[in-house]
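Subject: Structure for your review

Dear colleague,

Please find the structure below. My notes on what was found in it follow directly after.

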Amino acid sequence: MLHEIAAILGRCQESLARRRAAERHAADELGALLAGATAGATAGAGAGAGVGAAAVEDALRICGPAAEGPYGVVVAGTGAGREGFAEGALTEAVAHGTTGPVALGRLPDGTAFTVVPAGAVAAIREIWPLVAACDPSVPLHGGIGSPAAGPRALAGALAEARYALDSARTTHPGGPALTDIASLTGLDTLLTGIPADVRTAYSRTVLGPLLDTRNASFAALLQTLETFLACDGSWSRTAEALHLHVNSVHYRIGRIEHFTGRDLSRLHDRLDLRAALLCRTDRPGPPTGGRPARSSRARAR
């Protein structure tokens, strides 16, 4: 009797393993389709994008999630950490967030991803710190995209989730973090999703010689630029913060405009320089001499 029971349990186990393998394969195919649709949209694909959307709908139906949205998309990764840890952690988080069928697999680049009902995302966010604490030596990073109204919006939600994942890696390189794309509401947070080498190249191109802080003159100009922008372009408040005469501030700003080729009376140029300052990977904290930001008329003050 025990042998017969063991045989029955063995067949059940084999059936369960085959079903899980099929679900995993279907989810991986869905991930490949979503990643391909995202790449196609970025490249400006035309008719092919429509075919991809239909294929995504079919793949999603095979995976099991409800045919109607909205959906939530969450991605996870550990960088060069333990193999399979991100996928296991995401599986554990999803198990606490939903009881219905979900799609959970890997993208072509190895990033773990899941498509769940939009309402389950809050539970995943809540359980994330506990899952990450299972192995503190492995930094678990995750990203959440905007809710997708239907299957055709999943590719865009995945692209957002991956951007949020890059932001989490940048802001918390040594520890766990789960970043929601909805939290990237400012220029400083938005730029965290851009790769470090791209940010460094942009900062170097825009700021030019001002980044040579070994030169005392350039270091002073860089400090003046940071303070001037933090003071909303107010000459008087910048002079007060730096303990300078207003004429000295005018002179320094003129030198900054000369070296960068930008006109600080123009909003677009100010935004370029502000973004370049934020893109510095070695940038210090914000200037402490300025007062809280207020609206001002830059040239008039």
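Are helix 8 and helix 10 roughly parallel or roughly perpendicular to each other? They are roughly perpendicular, a term that covers angles of 65 to 115 degrees, whereas angles under 35 degrees count as roughly parallel. The two helices pack at an angle of about 105 degrees, and their axes lie 10 Å apart. Axes here are lines fitted to C-alpha atoms, for helices over the stretch in contact, and angles run from 0 to 180 degrees between N-to-C directions.

Before the details, two remarks on the source. This is a predicted model, in which local features need pLDDT of at least 70 and side-chain atom pairs count only at pLDDT 80 or more, while totals for chains, interfaces and linings use all residues. Residues are numbered from 1 along each chain as its sequence is written, and side-chain values use heavy atoms, with hydrogens and water left out.

Helices are DSSP runs (H or I, at least four residues), numbered from the N terminus. Where helix 8 meets helix 10, the residues in contact (heavy atoms within 4.5 Å) include Leu-221, Thr-224 and Leu-225 from helix 8 and Arg-252, Ile-253 and Ile-256 from helix 10.

Helix 10 comprises residues 246–260. Val-249, Ile-253, Ile-256, Glu-257 and Thr-260 are its buried residues (buried: under 20% relative accessible area; exposed: over 50%; partly exposed: in between; 1.4 Å probe, protein chains only). Among the elements covering the buried residues are helix 7 (196–207) and helix 11 (267–278). Just after helix 10, Gly-261 takes a positive phi of about 70 degrees.

The structure also holds 2 aromatic pairs (ring centres within 6.5 Å, using the six-membered ring of Trp; planes under 30 degrees apart are stacked, over 60 edge-to-face, the rest tilted). Phe-218 and Phe-259 form an edge-to-face pair, 5.2 Å centre to centre with 90 degrees between the planes. This pair links helix 8 to helix 10 across 41 residues. Phe-218 is buried at 15% relative accessible area, while Phe-259 is partly exposed at 27%. The rings of Phe-228 and Trp-235 are 5.0 Å apart at their centres, with planes at 50 degrees, so that pair is tilted.

Yours sincerely

Definitions and conventions
The expected span of a helix is 1.5 Å times one less than its number of residues. Angles under 35 degrees count as roughly parallel, over 145 as roughly antiparallel, 65 to 115 as roughly perpendicular and the rest as oblique.
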